[in-house]
Amino acid sequence: MCWPDLLVLLPAAPYRLAAFPFAALFHHLCSGHLSPTVRYIFLLAGGCLLAGTAMGSYAVLLLIPAAGSVLVLLSVSPAYAHTWVFTLQMSWQTLCHLGLSSQELDPQDAGPAIVLSAIMLLTQKATSLALDIHEGVVRLQLGQGFLQRMLPLCSYLLFFPALPGGPLCSFSRFRAQAESCRAVPSPWWAAGRRCLCALALQGLHMGLLAGLAGRQGCPSLGCPPRLWAQALLLRLACYGHWVLDEALMEVAGFGLEVGQGDLSVHDLWTLETTHRLAVFARTWNKSTSRWLRRLVFQRCPAQPLLATFAFSAWWHGLRPGQVFGFLCWAVMVEADYHIHPFLSTRATSQGAKLLYRGTTWVSTQLIFAYIMVAVETESFSMLCLLWTSCNSILPLSYGLALLLLLLAKKLKQNACPGLACVAGGALPCTCEHAG
């Protein structure tokens, strides 16, 4: 793994920054009562221009499934819209992942990485819209002409503020904000705060990176403090990426409701202070978490937790590190729902509670660092090095504790078959997933 390449603020960052003036221009024009049709054309043209500039010839890989999904939505019955769109998007996305990963690509060319990220976001928007149509939340206006019906859908799937990244915005909210005739509130204060936050996160990222570069004596990923620091660098890069995305959406006038974004100050505090892996999972990348919960977890009749994390590995690309990392995450979250009720009931004194929270916070930090590094590992040889390092001891211990608690639960149920005994008092079916 090439850590300096992985730990930049993601390859699309320059294009996000370049999109800010156009987002501000769109907001200004909307304040001048621009017609909805012209707004849709502006957003769509901006998305196509941004795709061509950032991705080059790879932009075709994004435009093909976008056009295909629109044609499916306009030609298929609402009862089958979700099935067809899901099949189209995930098949195309998988082919792109496998095809691009099998080629010898120029490491200086950011186009493949940007287009893969954009296709993944397109899958989110297309399947979310298809589910809305399937469930009757969104109704396409049949009385209009084909082009009039197609324009809002194309604009939603490719509108430039959310093309390089960003939290998932529903089609209903997008259409309401794009067609709103009232003056959109000034976004500058909210967007400015987010930009300052992104700048501060990037400063922390650079400072930590410089500190690690000058540190001696712990160079490899087999050292737990080094692994934790590398994962912290990755988290800071993700935080900065999410904050910039939300700032761009705010400037364009597509700011989300409170709690609907990927990262708030409260979320940041929760992610860095929680001692529960399940809470971390629910808070990490929140809009993707909500999408996965709706798409997979709530619709899966058996083993929804495992199915959700397995689908997340598929959606991310199915590299060995991703498959191992997300399946490990599923086991760790399941273990979390059994271990913490067991421990918390036994930590009765103040000292025991402090010890319980302190040790479980350290465990949460180290386990998520292990998972994150595994997911970002590109070569199988590096993944094997991670497996055989001392960092695997803690995840293995959590897995063993889960097996023992499940065995104890089964023995208790066999001893009192008439009672619905639940080990530790926690039902794992209450868990929710994050991507």
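**Overall architecture**

Of the contacts in the protein with a separation of 6 or more, 79% are accounted for by residues 24 or more positions apart. The model is a predicted one. The protein has 18 helices and zero strands. The points below are grouped by topic.

**Composition and surface**

- The protein has 435 residues, and buried residues make up 49% of them.
- Its accessible surface comes to about 20,100 Å², and carbon and sulfur atoms hold 68% of that area.
- Leu71, Phe146 and Leu147 make a nonpolar surface patch of about 320 Å².

**Packing of helix 6 and helix 7**

- Two packed helices are described by the angle between their axes and the distance between the axes.
- Helix 6 spans residues 111-134, and its axis comes within 9 Å of the axis of helix 7. The two axes cross at roughly 140 degrees.
- Helix 6 is therefore oblique to helix 7, because an angle counts as roughly antiparallel only when it is over 145 degrees.
- On the side of helix 6, the contact is made by Leu122, Lys125, Ala126 and Leu129. On the side of helix 7, the residues are Leu153, Tyr156, Leu157 and Leu158.

**A pair of residues distant in sequence**

- Glycine 46 is placed in helix 3, which runs over residues 36-55.
- With a relative accessible area of 19%, glycine 46 is buried, because the class takes values under 20%.
- The C-alpha atom of glycine 46 is separated by 8.6 Å from that of proline 161, although the two residues are 115 residues apart along the chain.

- Side chains of opposite charge can pair when their charged atoms come close.
- The structure holds eight salt bridges.
- In one of them, the side chains of glutamate 246 and arginine 194 meet at 3.0 Å, N to O.
- Glutamate 246 lies in helix 10 (residues 224-252) and arginine 194 in helix 9 (residues 188-213), so this pair ties together parts that are 52 residues apart in sequence.
- Arginine 194 also forms a salt bridge with glutamate 250, where the closest N and O atoms are 3.7 Å apart. This pair links arginine 194 in helix 9 to glutamate 250 in helix 10, 56 residues apart.
- How accessible are glutamate 246, glutamate 250 and arginine 194? Glutamate 246 counts as buried at 8% relative accessibility, and glutamate 250 is buried with a relative accessible area of 15%. Arginine 194 is partly exposed at 23%.

**Salt bridges around arginine 294**

- The side chains of arginine 294 and glutamate 135 meet in a salt bridge, with a distance of 3.0 Å from N to O.
- This pair links distant parts of the chain, 159 residues apart. Arginine 294 is in helix 13, and glutamate 135 is in the loop between helix 6 and helix 7.
- Arginine 294 counts as partly exposed at 24% relative accessibility, and glutamate 135 counts as partly exposed at 45%.
- Asp132, Glu135 and Arg294 are linked in a network of salt bridges.

**Positive phi values in loops**

- Most residues other than glycine have a negative phi.
- Asparagine 285 has a phi near 50 degrees, a positive value in a residue other than glycine. This residue lies in the loop between helix 12 (277-283) and helix 13 (286-295).
- Is asparagine 285 buried or exposed? At 14% relative accessibility, asparagine 285 counts as buried.
- Glutamine 303 has a phi near 45 degrees, likewise a positive value in a residue other than glycine. Its place is in the loop between helix 13 and helix 14 (304-316).
- Glutamine 303 has a relative accessibility of 59% and therefore counts as exposed, the class for values over 50%.

Key: Residues are numbered from 1 along each chain as its sequence is written. This is a predicted model: local features need pLDDT of at least 70, side-chain atom pairs count only at pLDDT 80 or more; totals for chains, interfaces and linings use all residues. Side-chain values use heavy atoms; hydrogens and water are left out. Patches are made of residues with over 30% relative accessible area and no salt bridge: like charges are joined within 9 Å, nonpolar side chains (Val, Leu, Ile, Met, Phe, Trp, Tyr) within 5 Å. Accessible areas come from the Shrake-Rupley method with a 1.4 Å probe; for residues, only the protein chains shown count as cover. A salt bridge is a side-chain nitrogen of Lys or Arg within 4 Å of a carboxyl oxygen of Asp or Glu. Axes are lines fitted to C-alpha atoms, for helices over the stretch in contact, and angles run from 0 to 180 degrees between N-to-C directions. Helices (H or I, at least four residues) and strands (E, at least two) are DSSP runs, numbered from the N terminus. Angles under 35 degrees count as roughly parallel, over 145 as roughly antiparallel, 65 to 115 as roughly perpendicular and the rest as oblique. Contact means heavy atoms within 4.5 Å. Buried means under 20% relative accessible area, exposed over 50%, partly exposed in between (1.4 Å probe, protein chains only).
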